[in-house]
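Thank you all for coming. I would like to take a few minutes to walk through one structure with you, going from the contact between its chains down to a single residue.

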Protein chains: 2
Amino acid sequence: MQLRKPIPIEKAVELVMKNRLSGEKEKISIIDCDNRRLAEPIIATNDIPSFNKSPYDGFALRSEDTLNAGENNTVTLEVIEHIGAGVLPTKEIKSGEATRIMTGAQIPAGADCVVMLEDTDTFSKDGKSFISLSKSMESNQNIIEKGSEVKEGTVLVEEGTLINPGVKALMATFGYSEIYVAKKPLVGILATGTELLEVDEPIEPGKIRNSNAYMVASQVLRAGGIYKYFGKLADEFDQSYETVKQALDEVDILITTGGVSVGDFDLMPAIYEKLEANVLFNKVAMRPGSVTTVATLNNKILFGLSGNPSACYVGFELFTRPILQKYQFNKNPYLKRTKAKMAMDFPKANPFTRFVRSYITYADHGTLNVHLAGMDKSNVVSSLAHSTSLMVLPGGTKGYQQGDLVDVLLLDDIEGQAHF
Amino acid sequence: MQLRKPIPIEKAVELVMKNRLSGEKEKISIIDCDNRRLAEPIIATNDIPSFNKSPYDGFALRSEDTLNAGENNTVTLEVIEHIGAGVLPTKEIKSGEATRIMTGAQIPAGADCVVMLEDTDTFSKDGKSFISLSKSMESNQNIIEKGSEVKEGTVLVEEGTLINPGVKALMATFGYSEIYVAKKPLVGILATGTELLEVDEPIEPGKIRNSNAYMVASQVLRAGGIYKYFGKLADEFDQSYETVKQALDEVDILITTGGVSVGDFDLMPAIYEKLEANVLFNKVAMRPGSVTTVATLNNKILFGLSGNPSACYVGFELFTRPILQKYQFNKNPYLKRTKAKMAMDFPKANPFTRFVRSYITYADHGTLNVHLAGMDKSNVVSSLAHSTSLMVLPGGTKGYQQGDLVDVLLLDDIEGQAHF
C-alpha cells in the first residue's frame with residue numbers, strides 16, 4: 001500500500017490556486033447578463049445627470065427676480081412654457097418669466113433655480129398664466145447640476161464583479177446593451193463506485209444511490225460554472241482510463257467523486273499515473289476530505305474528491321470553488337471567512353483541521369452565532385441540506401465550548417474575499 | 001390635485017401580503033431543480049444506511065472469537081471472502097472466520113464487528129488467507145447500523161425550501177428523480193416616461209436611458225420569478241390603458257415603473273381607476289419610495305413603483321419580493337432583518353422611515369458593520385450596484401452616530417424570515 005503524507009490545508013489551497021487556469025471572455029446581451037461576472041469594468045459613458053435638472057415639480061426662474069420677495073412682498077412672474085420630463089425647453093427665460101417644470105426635466109436657459117410647486121400660487125389673466133411667490137430664491141437652489149452624481153469616465157464597477165440588479169441598472173444607464181463577461185467554466189463530472197445506483201433505480205441491498213454527482217453538479221452551478229456529467233466509471237482500469245482521458249479533452253476542469261482512498265479497488269491514483277498528470281497532493285491534514293487529490297495536466301485540473309458525501313462537498317468548496325471563481329476574474333475568489341460565536345459545545349478534539357457543517361443565525365447586538373447543521377459524522381448526508389457555513393476548527397485544538405469565537409466560511413456569500 | 005394620505009410601511013406590507021395570490025406547482029427533473037423552491041417536502045424513502053455497514057477498510061468477524069485476544073495472545077482467523085463496496089457478502093461467518101471488507105460495504109451475516117486493517121497482520125498458508133490480531137473486539141464495534149443516520153419516513157426538508165447542493169444530494173439519495181417545485185411567477189414589466197431612451201440609443205439632451213426596467217427584471221430573477229418586458233408606455237391615456245389591460249391578462253403580477261407621482265403627466269392613477277382596480281395604498285411613510293402604489297384586480301397585483309431608480313429598487317424589495325416568495329411557498333418570505341453597527345455618522349433627521357442603500361462587513365468578534373453604499377440621494381443610481389443591504393432608520397429619529405446599532409435588511413440572503 002502507498003504511503004501518503006498529509007499537507008496543511010493552506011498549502012493545498014495555494015498549490016491549486018497558483019495554476020494558470022486563465023478564464024475566457026464572451027460578449028453577451030444585457031438581457032442575459034444576470035449573475036454573470038464582468039470581464040470588463042463599467043465606466044460612466046456620460047455625465048449623470050447629463051444636463052442640469054429639477055429635483056421637484058415646480059417653476060424654473062431667475063433668482064435675481066426674487067431678491068426682494070418676502071412675506072409682505074409677493075413677486076409675480078409670467079409662465080412662458082410648460083416642460084414635462086423628457087421634453088426639452090424651447091424658450092430662454094428672461095426677467096419676469098418662469099417655466100413650469102416637472103421632476104427630472106431639464107432647466108431652461110436663463111433660469112438658475114427652481115421653486116417648488118407648493119411654494120407658489122398660480123392664476124390666469126388675459127389668457128396668460130402667472131405664478132406668485134413670497135420667498136426669495138438663491139442661485140442654484142433646487143438644481144441638480146450636470147455631472148453632480150457621476151462624471152464621465154469614472155470606473156463604477158470593477159471587472160470580476162457579479163452582475164446584480166444594481167449593476168444591471170448601471171449598464172442600462174450607460175448604454176451597455178452588450179458587455180464582456182467571464183465565460184462559464186465547463187466542469188466534467190465522473191462518479192466512481194460499483195455500489196452506486198442511479199437516482200431512478202430502486203434501492204438494493206449493499207448499494208446506495210449516487211448523490212455526489214448531483215450534489216457536485218449543483219455546487220458547480222452555485223460557483224458560476226456549467227457542467228457535463230459523464231456518468232459512472234466502472235471499477236475496471238483500462239476502460240476507466242479511456243473515459244477519463246476523453247472527458248479531459250472536453251472540459252476545463254474534471255471532477256471525479258470516489259476512487260481516491262487507499263484500497264484495493266481504488267482506481268484514480270493509477271489513472272493519474274498513467275495520464276502522467278502532476279499530482280499536487282493526495283492527502284490533506286483536514287477532516288472530512290483528507291483523501292482529496294488534485295492533479296494538473298496540460299493546463300487542466302483534475303479534482304479527485306472523496307466518495308463520502310460530506311468530504312466531497314467540503315473538498316469542492318475549499319479547492320474547486322475558488323479556482324472556478326478565479327477563472328471568472330473574481331478578485332475575491334475565496335469563501336468569505338468571518339468569526340461567529342458557537343451556539344453549543346463541541347467537545348471533540350481536532351487532531352486535524354476540521355470543517356463542520358453548520359448554519360449561521362444573527363443575534364441581537366449585531367453578532368453572528370454558529371450552530372451545528374446535524375450530527376458531525378462525515379457519512380451523514382442530511383445535514384448538508386441545512387448548511388450555510390463551515391466552521392473551521394484548527395488542528396491541534398482540544399474541543400470548544402458554547403460562546404467560543406470560531407472562524408466560519410459562508411457558503412451562500414456572493415462577495416468572497418481575496419485570501420483563503 | 002389629489003391628496004394622498006401616507007400609511008405606515010408595516011401596514012402597507014401587510015396589505016400586500018394578505019392577498020391570496022396562490023402559487024402553482026410543477027413537476028421537474030432533478031437535473032433542472034437548482035435554485036427552485038420545493039412544493040413538497042423531501043421525506044426519507046428508506047433507512048440510511050439501508051444495511052449494517054463498515055466505516056473502515058478491515059475485517060468483519062465475530063467479537064466472541066476475540067474474547068481472549070491481547071498483547072500476549074494473538075488470535076488467528078481464516079479469511080473466507082473479500083467484499084468491495086457495492087458487492088454483497090455471500091458467506092455467513094462462523095467461528096474462526098473473518099471477511100475482508102471495504103469502507104461502506106455490507107456486514108456479512110454472522111459478523112458483529114469490524115477490526116481495522118491496521119490492527120491486523122495478514123498471511124497465507126496452504127493457499128488460504130489468514131489474519132491475526134491481538135486485541136479483543138466488542139459486539140457492534142465499528143458497525144454503522146441500519147437506519148442510524150436517517151429513519152424511513154422522516155421529513156428531511158420542508159416545502160418552500162430553496163434547493164441547494166445539499167438538498168439536491170438528499171433528493172438523489174432518496175430517489176427523487178422528479179419533484180414538485182413552485183412554478184416561477186410571471187411578472188410583467190412596463191416602463192413609463194417619454195424622457196426614457198432605450199439602452200442602445202445615444203444619449204440626448206433632456207433624456208435618460210431606461211434603467212428601471214432592466215433593474216426590476218434582474219430583481220424579479222433574484223426573487224425567483226421570470227419576467228416579460230412589455231416595453232414603454234406612451235404618456236397617452238387610451239393607448240396606455242389598453243397596454244396595461246392586455247399585459248395584465250398574461251401575467252401573475254404587473255410592475256410599472258414611473259407614472260405614479262402627483263403631476264400633470266402621471267398616468268397610472270387614472271389607469272387604476274378605469275380598470276376598477278382596488279388601490280391598497282398610493283403613499284407610504286417612507287423614503288425613498290413614498291409614492292409606491294399597489295392595487296389588486298382579479299387575484300392579480302399591480303405594483304406602481306416610482307420612476308426614481310432608488311425608490312423603484314426599494315419599493316420592489318419591500319413589497320414585490322415578499323409576495324413573489326410567498327407565491328413560491330416560502331414560509332420565510334421577508335428580507336432577513338438583523339442588527340449592525342453603523343460604520344459612520346448619519347446626521348440627517350428621518351421624518352419618515354428611511355431605507356439607506358448600504359453594505360455589510362464582518363468585524364472581529366463576530367459582529368456586523370454597516371456602511372453607506374454611496375451618497376444617499378434617491379436619484380443616484382451608482383450606489384445600488386454596491387448595495388448588499390438596506391439600513392432601516394425609523395421615522396421620527398434625529399440622526400445616528402458611528403457605533404449606533406441599527407436594523408439592516410440583507411438583500412442577498414437566501415433564508416429570509418417569517419415576519420417583516
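Predicted model: local features only at pLDDT ≥ 70, side-chain atom pairs only at ≥ 80, totals over all residues.

Between them, chain A and chain B bury about 6800 Å², and 62% of that is on carbon and sulfur atoms. On the side of chain A, Glu149(A), Pro165(A) and Tyr362(A) supply 9% of the area that chain A buries against chain B, which is more than any other three residues give. The contact draws 87 residues from chain A and 87 residues from chain B. Across this interface there are ten residue pairs in polar contact, counting pairs with both residues at pLDDT 80 or more, while the count of salt bridges between the two chains is zero. Several elements of chain A supply at least two residues each to the side that touches chain B, among them strand 21 (353-363) and helix 3 (212-222), and helix 2 gives the most, with nine residues.

Let me now move to helix 5 of chain B, residues 268-275, where the buried residues are Met268(B), Ile271(B), Tyr272(B) and Leu275(B). Seen down the helix axis, these buried residues fall within an arc of 100°, so they line one face of helix 5. Just after this helix, Glu276(B) takes a positive phi of about 55°.

Finally, Thr120(B) sits in the loop between strand 6 (113-116) and strand 7 (121-125) of chain B, and, with a relative accessibility of 11%, Thr120(B) counts as buried. A polar atom of its side chain lies 2.7 Å from the backbone oxygen of Leu117(B).

Key: Residues numbered from 1 in each chain as written. Chains lettered and ligands numbered in written order. Heavy atoms only, no water. Helix = DSSP H or I, 4+ residues; strand = E, 2+ residues; numbered from the N terminus. Buried < 20%, exposed > 50% of the residue type's maximum accessible area, 1.4 Å probe, protein only. Polar contact = N/O pair within 3.5 Å; in protein donor to acceptor, adjacent residues only side chain to side chain. Arc of directions from axis to C-beta. Contact = heavy atoms within 4.5 Å. Buried area = accessible area lost by both parts, 1.4 Å probe. Salt bridge = Lys/Arg side-chain N within 4 Å of Asp/Glu carboxyl O.
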